[in-house]
Amino acid sequence: PASSPKGTCTLFLTTMLSEKAWEGVNEENYKRIKNKIAKRMIEHYENKLGITVMPHIEEIVIATPVTFARYLNTPHGTPYGYEAQPWDTMIARIMNGSKEQFVENLYFVGAHSDRADGYSSAYSNGYSTAGRILREAKKNEKA
């Protein structure tokens, strides 16, 4: 409820585009092209749901791979994080996880945790971290 004022909402639209979508994009046409893509996404959303959204938008942020690369310093602007290296795989992360908890009761949950990158990894990481927290809480209750 604190996300936006009463009677309003916050809406996120996400799409993945191939590299071809950005061919020929330069500083001069970047803003026009990203706005065109966003407008097309909103129109598609409106058509599928049979509602109007566009006239009610008070604030909009349009992020592209350039945005992610600039502000998050992610490789090639990926929203998922970083590519795991052979020495930094899921097995190595799980085996060394307990050695990487430097602040008691502070747990990292995200798309670039034990299971590396991606939305599905973020869900899996959240699930397994919640289980770990519950197991440790039960163990502390008995102590």
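Ground rules. Residues count from 1 along each chain as its sequence is written, and side-chain values use heavy atoms, without hydrogens or water. Since the model is predicted, local features need pLDDT of at least 70 and side-chain atom pairs pLDDT 80 or more, while totals for chains, interfaces and linings use all residues.

Confidence. The chain has a mean pLDDT (the predictor's confidence per residue, 0 to 100) of 85. In 94% of its residues the value is 70 or more. Helices here are DSSP runs of H or I, at least four residues, numbered from the N terminus.

Next, Asn-29. It sits in the segment before α1. Buried or exposed? Asn-29 counts as buried because its relative accessibility is 14%; the cut-off is under 20%, with a 1.4 Å probe and protein chains only. Its side chain comes to 3.1 Å from the backbone oxygen of Gly-24.

Lining means an atom within 4 Å of a point on the 1 Å grid. Helix α1 gives the largest share, six residues.

The second largest pocket has about 590 Å³. Of its 23 lining residues, Gly-97, Glu-100, Ser-113, Asp-114 and Arg-132 are closest to the centre. Helices α3 and α4 (119–142) each give two or more residues to that lining.

Technical notes: Buried means under 20% relative accessible area, exposed over 50%, partly exposed in between (1.4 Å probe, protein chains only). A polar contact is a pair of N or O atoms within 3.5 Å; within protein, one must be able to donate a hydrogen and the other to accept it, and residues adjacent in sequence count only if both atoms are side-chain atoms. On a 1 Å grid over the protein atoms alone, a cavity is a set of points where a 1.4 Å probe fits but cannot get out, and a pocket is an open set with protein on both sides within 12 Å along at least five of seven lines; lining residues have an atom within 4 Å of a point. Grid points are joined across faces, edges and corners, and a volume is the space filled by probe spheres set on the points.
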